[in-house]
Amino acid sequence: MEDLIIGLDIGGTSTKAGLLNVSGEVIHKWEIPTDKKDHGSRIVEYIWESITEALKELQIENQILGIGVGAPGFVDKETGMVYEAVNIGWKNFDLGNRLKNLSNLPVFIENDANLAALGENKKGSGSNAKDLIAITLGTGVGSGIIANGEILSGMNGTAAEIGHIIADPNGYPCNCGRTGCLDTIASATGIVHQAMDYITENPDSPLALYYRMHGALDARDVFELAREGDKASEHIIDHTTDVLGFMVASAATIINPSTIIVGGGLSKAGNLLLSKITHYFRKYALPRISENCEIKLAQLGNDAGMIGAAYLVKSGLNQVLA
């Protein structure tokens with residue numbers, strides 16, 4: 001059997017795991033619930049248990065080249081340390097060495113959004129762009145940057161955190177401990193915050209009526225109501241994409257990308273989201289930048305991080321992917 005790579009994408013709800021070949025193609029994949037009890041102390045052990053079960057089931061023994069891991073939060077790829085991952089409770093967590101000790105395999109760690117950017121660039125919408133920005137819009141705002149063909153990690157793994165650029169100093173508290181980060185506005189959580197503020201101030205509005213009728217409201221509802229012509233929802237989406245377009249245009253001024261990729265759960269809104277982000281990006285960006293930059297929806301969905309992890313392993317082992 002061909003050589004394989006284990007790709008992991010650790011998330012706050014689940015870990016996406018896969019076996020991939022050296023060309024970054026997914027051979028087999030599965031998900032593991034993320035157990036956040038005791039500050040996520042047993043997450044690594046549960047992941048390794050699921051890997052050993054999968055390898056046994058598939059009768060795979062000695063074909064694994066290494067393990068690539070996309071981890072949330074502030075990650076030092078040189079040491080394999082996760083300095084802080086608020087959504088799963090890790091702080092100064094030695095992820096790399098713990099997984100090495102369990103597996104006796106080479107282990108390579110990167111920020112999850114960076115690996116999603118790498119995966120999309122290699123196998124998805126990026127088309128091997130040398131300079132690329134990938135934005136993941138979900139519960140939070142993730143981002144990864146490829147500059148001169150390489151992941152932009154920074155001195156201690158904190159580069160490309162576009163979601164933690166402050167967009168509104170008087171805005172919502174962010175889980176990073178500051179106030180008004182882009183994460184608090186352009187995420188699904190931020191959209192719901194905006195909607196609930198509007199409902200509080202306008203209790204007789206159609207949006208408030210919808211909320212009372214259904215007992216809940218999520219970002220998908222806001223997008224759907226905007227499509228149906230609800231003015232408040234239209235305004236929320238417009239404001240969200242305005243802020244996001246401004247921030248991405250600012251980031252683009254630094255690296256001059258040829259491609260910007262938009263993924264994550266909110267990207268399922270499709271052209272309603274993409275067209276507005278594109279409009280505001282072109283409004284705020286330098287024309288010389290925006291005229292040569294294409295904004296696209298991501299293609300790989302939940303597989304992007306795993307695929308990026310495969311390329312991380314191959315790069316770490318100083319081999320070239322086919």
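The sulfur of Cys181 lies 3.8 Å from the closest cysteine sulfur, that of Cys176, which is too far for a bond. A disulfide needs the two sulfur atoms within 2.5 Å. By this rule, the count comes to 0 disulfides. The model is a predicted one.

**Burial of selected residues**

Cys181 is buried, at 0% relative accessible area. Cys293 is buried as well, at 4%.

| Residue | Relative accessible area | State |
|---|---|---|
| Cys181 | 0% | buried |
| Cys293 | 4% | buried |
| His164 | 17% | buried |
| Asn101 | 61% | exposed |

Why does His164 count as buried? Its relative accessible area is 17%, and the cut-off for buried is under 20%.

**Around His164**

His164 sits in a loop. That loop runs between strand E11 (150-151) and helix H5 (188-201). Which residues does His164 touch, leaving aside those up to four places away in sequence? They are Cys174, Asn175, Cys176, Arg178 and Cys181. Cys176 and Cys181, both on that list, are also the pair whose sulfurs are 3.8 Å apart.

**Around Asn101**

Asn101 belongs to helix H3, residues 95-103. Asn101 is exposed, because its relative accessible area of 61% is over the 50% cut-off. Asn114 is 13 residues from Asn101 along the chain. The C-alpha atoms of Asn101 and Asn114 are separated by 25 Å.

**The whole chain**

The chain has 11 helices and 13 strands. Its radius of gyration is 20 Å, close to the 20 Å that the globule rule gives for 322 residues, so the chain is as compact as a globular protein of that length. Along the principal axes, the C-alpha atoms fill a box of roughly 65 × 45 × 30 Å.

Of the 322 residues in the chain, 54% are buried. Contacts between residues at least 6 apart in sequence were also sorted by separation: 61% of them join residues at least 24 apart.

Technical notes: Residues numbered from 1 in each chain as written. Predicted model: local features only at pLDDT ≥ 70, side-chain atom pairs only at ≥ 80, totals over all residues. Heavy atoms only, no water. Buried < 20%, exposed > 50% of the residue type's maximum accessible area, 1.4 Å probe, protein only. Helix = DSSP H or I, 4+ residues; strand = E, 2+ residues; numbered from the N terminus. Rg over C-alpha atoms; globule rule 2.2 N^0.38 Å. Contact = heavy atoms within 4.5 Å.
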